[in-house]
Amino acid sequence: MRVLWAGLLGAALLTAQGGMDMGRLGKIPGRMQEFVAAGKVAGVVTLVGRASGVVDLKATGYFDLATKAPLRTDHIFQIHSMTKPMVALGILMLAEEGKLSIADPVEKHLPEFRSLADKITLQQLMTHTAGMPLNPPPGIGELHGALHKPLADVALVYSQTPVGFRPGSKWQYSNAGIAVLARVIEVHSGLRFEEFLAKRIFEPLGMKDSFIFPPKEKWGRMPTAYILRDGVPVKYTSDPLGEGAMKYRDGAKYSLPEGGVYSTASDLFLLYQALLRDGKAANGFRLLSPASVRLMRMVHTGDLATNGPGMGWGLGTYVVRPGFSPMGMSPGTYGHGGRYGTFYFIDPAKDLIGIFMIHREGGSDERTAFVQMAYAALLE
């Protein structure tokens, strides 16, 4: 009888881990492989985790479609706009140190913004309600491809760029606003933005493969970037950040706070796990206070229409509004996506983290499938 009970217990442990059905999670790579086989995507890394740790981490498909080199879970991806919440984290860290308040006008920290007729706050920049443009204005329109100006110079140009609407009256996604926030971080930390991320976030959390300017010894771990054209991924040679001159940021001056970080799924999990644990990492490092984490994931945009039905905006992150449950997400779930298809979500109510890593612009069926399958694997 004891042998039978031990066998049944062992079988249960194999099929359930961390409160999740491992059989259901085990179907995610197969579904991703279907997208690879259909010629929609080169490769995908998926991670499902909880506050206690990683539950499932898999790589499916190819590093490069031409060579058919297999994709690995430790490959380094451009996460693009998933960088934006890290900028908000930096602002909140400085707020905890008493160096600023999110309600402060920008001009208090960057005097050059006094010339703007419309006064904007740090909070409005973090919530995309300041009226600042999506992309660089004429004069530095080539910035995202050339990366040829330092952040201080870019912030100065933005200080002379009129806002598009009365701050606080609308929501408009803005790369420019995030860049300005990063300049505020530089001013108060005494560090370049990339140094701040490294010294204050990446190194303390143990994120060993996360960078703004990746060292040359890491370049070989970055999968080929693709774009979906006519339903087929083709090598993204037309984008300087894709397979162009700035893929590795060699010679770049601009730190691209709105989308410059390279990272792995495992590294990102360490950050998101700390947020799910109310700001305290598994290694004991305190990233933020519980109060600051709650402030970050609150809806700060009221009834303003944002980036989709049921979505509000917190500080540097989308937030699912009460009464909504897109793809199974609980109200209060928060996260961000990136230009090349990367995505993450943190669901505090269900103790769930999902990370989706891909290097292909266009399309989202794969991401939707991953999110839905991750929620379907929950046992409680």
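Trainee: What makes strand 11 and strand 12 a pair?
Mentor: Two strands pair if DSSP finds at least two bridges between them. Strand 11 (residues 318–320) and strand 12 (residues 334–337) have 2 bridges and run antiparallel, so they pair under that rule. V319 stands opposite Y334. Strands here are DSSP runs of E, at least two residues, and helices are runs of H or I, at least four, both numbered from the N terminus.

Trainee: How do you know that strand 12 pairs with strand 13?
Mentor: These antiparallel strands are joined by 4 bridges, and Y334 faces I346 in strand 13. The two form a hairpin with 5 residues between them, where G341 has a positive phi of about 95°.

Mentor: This is a predicted model, in which local features need pLDDT of at least 70 and side-chain atom pairs count only at 80 or more, while totals for chains, interfaces and linings use all residues. Residues are numbered from 1 along each chain as its sequence is written, and side-chain values use heavy atoms, without hydrogens and water.

Trainee: Why are strand 8 and strand 15 called edges?
Mentor: The open sheet has the order 8-7-15, with mixed pairing. Strand 8 (232–235) and strand 15 (360–361) each have a single partner strand, so one side of each lacks a neighbour in the sheet.

Trainee: What makes the radius of gyration agree with a compact globule?
Mentor: The rule, over C-alpha atoms, is 2.2 Å times the number of residues to the power 0.38. For 380 residues it gives near 21 Å, and the protein has 21 Å, so the two agree.
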